[in-house]
Amino acid sequence: MAERAQTYHVFETAGGYCGIAWNDIGITRFQLPTKSAEATERNILRRVPGADPGVPTPAVTEIIAAVRRYFNGENIDFSGVALDLAGQEEFFLQIYNALRRVGWGHTTTYGTLAKELGAGPKAARDVGQAMAKNPVPLIIPCHRVLAAGGKVGGFSAPGGATAKVHMLELEGVNLVPPEPAQQSLLL
């Protein structure tokens, strides 16, 4: 099967410079914000070698506008964005489809996603692998997946866990642990 030609575009948001790549089927890659257009372009081209810079199609222009609104704190639903995830493992595609149903301001856990797909608790590790290999973070909202007990867990995007927490805060999710109900005996 021949590779489809891909085009990419780098654009600025309130969170930094994002990148998006697409083909005639849909979005193939998304780059979460970095501090510079050059870093974003390098990251996109590392993942989509041979892609050409280009002018976004009307559909891609709409997605870019939605991403900008997202990083300005607006509730945006990316679940209807057309994607081309060719080459992904079948189980990963199932995970991504389930995750696309986790909406703005909501979170889930690796274990909950595994269970939802009928897999055992050990499959939570597979869910983690799928998150690490997510080609379109934000559009497939891997930042909404937490470790057991509401812990942040890993995040392989630029900025790591700090970026994940920031994105969740944009959505009104507060991950700061609550104050202990009982005072310490040591005053």
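User: In β2, which residue is the bridge partner of Thr 13?

Analyst: A quick note to start: this is a predicted model, where local features need pLDDT of at least 70, side-chain atom pairs count only at pLDDT 80 or more, and totals for chains, interfaces and linings use all residues. Residues are numbered from 1 along each chain as its sequence is written, and side-chain values use heavy atoms, leaving out hydrogens and water. Strands here are DSSP runs of E, at least two residues long, numbered from the N terminus, and two of them pair if DSSP finds at least two bridges between them. β1 (residues 7–13) pairs with β2 in the antiparallel sense over seven bridges, and the β2 partner of Thr 13 is Gly 16.

User: How many bridges join β2 to strand β3?

Analyst: A hairpin takes the chain from β2 to β3 through four residues. Across the pair, Tyr 17 stands opposite Thr 34 in β3. β3 covers residues 27–34 and runs antiparallel to β2, and the number of bridges joining them is five.

User: Is Cys 18 buried or exposed?

Analyst: Buried means under 20% relative accessible area, exposed means over 50%, and partly exposed lies in between (1.4 Å probe, protein chains only). Cys 18 has 0% relative accessibility, so it counts as buried.

User: What does the count of disulfides come to?

Analyst: A disulfide is taken as a pair of cysteine sulfur atoms within 2.5 Å. For Cys 18, the closest cysteine sulfur is in Cys 142, and because it is 13 Å away, that's too far for a bond. By this rule, the count of disulfides is zero.
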